[in-house]
Amino acid sequence: MIKSIYIVQLLLPILLGFSLQGRAQTDPAAKSLLDKVSETYEGYKTVQADFTITIQQPQQTDHTESGTIYMATSAGKYHITMNSQDLISDGKTQWMVLKEEGEVQVTEADQSSETISPVNIFSFYNKGYKYVAAPNERVGNNQLQVVELTPENTRAPYFKIKLRVNEHTHLINDVTIFDKGGNKYIYAIKNTKANPQIASDKFVFKQANYPGMEIVDLR
């Protein structure tokens with residue numbers, strides 16, 4: 001089973017800037033949908049959402065883990081909490097709290113637009129992808145519009161990303177990453193709250209909240 005550290009780095013390293021500049025020329029229908037999603041998220045100063053991460057591997061039982069993400073979008077700040085780990089950033093420094101290992105890894109926050117990260121989980125497809133519209137799909141009572149993305153970098157560990165968007169709210173419903181090893185990583189977003197009040201210290205690591213943890217500074 002793939003460790004949850006890798007899950008977060010791969011998936012939560014996918015939601016924020018959302019400018020169309022630099023996007024590869026592709027399907028106009030897909031571009032129109034992404035424009036609407038972009039406009040929706042750009043209107044938020046803060047975002048809170050619950051999510052689940054499901055890993056599907058050939059001939060293995062699916063693994064699912066849940067969590068909550070808090071974001072101050074324009075400042076690139078986030079706080080992600082899961083059973084196995086927390087990921088906190090004030091926009092400059094990132095603290096990865098590995099609960100089972102009893103360790104906190106301190107690194108510089110990755111603000112790169114070329115990687116899938118908590119900073120761009122709602123806008124990872126800003127650039128570096130070709131995209132096309134796919135047939136709509138229905139989940140329960142929700143009609144979902146679908147865009148399929150292909151990375152321009154052929155060395156990327158994944159070959160396709162499937163993005164599904166609620167037709168009425170223009171909020172992301174889920175993201176599925178298909179890697180070259182036959183694995184699928186499904187990141188489903190729910191209970192999205194626009195502009196919630198989030199205390200500023202939510203985005204700063206507090207050692208008192210993690211007693212006994214070893215601090216490993218990797219900067």
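## Overall architecture

The protein chain contains two helices and twelve strands, where helices (H or I, at least four residues) and strands (E, at least two) are DSSP runs numbered from the N terminus. Read from the N terminus, the order of elements is α-α-β-β-β-β-β-β-β-β-β-β-β-β.

The model is predicted, with pLDDT of at least 70 required for local features and 80 or more for side-chain atom pairs, while totals for chains, interfaces and linings use all residues. Residues are numbered from 1 along each chain as its sequence is written, and side-chain values use heavy atoms, leaving out hydrogens and water.

## Burial

Among the 219 residues of the protein chain, 50% count as buried, that is, under 20% relative accessible area with a 1.4 Å probe, protein chains only.

Strand 2 (residues 63–72) pairs with strand 3 (residues 77–82) in the antiparallel sense over six bridges; pairing requires at least two DSSP bridges between two strands. These two strands form a hairpin with four residues between them, and Gly-76 in the turn has a positive phi of about 65°.

Strand 3 also pairs in the antiparallel sense with strand 4 (residues 85–89), over four bridges, and a hairpin of two residues joins strand 3 to strand 4. Ile-80 of strand 3 is the bridge partner of Ile-69, and Ile-80 also stands opposite Leu-87 in strand 4.

## Asn-166

Asn-166 belongs to strand 9 (residues 158–166) and counts as buried because its relative accessibility is 12%. The Asn-166 side chain reaches the backbone nitrogen of His-168 at 2.8 Å.

Note on methods:
Polar contact = N/O pair within 3.5 Å; in protein donor to acceptor, adjacent residues only side chain to side chain.
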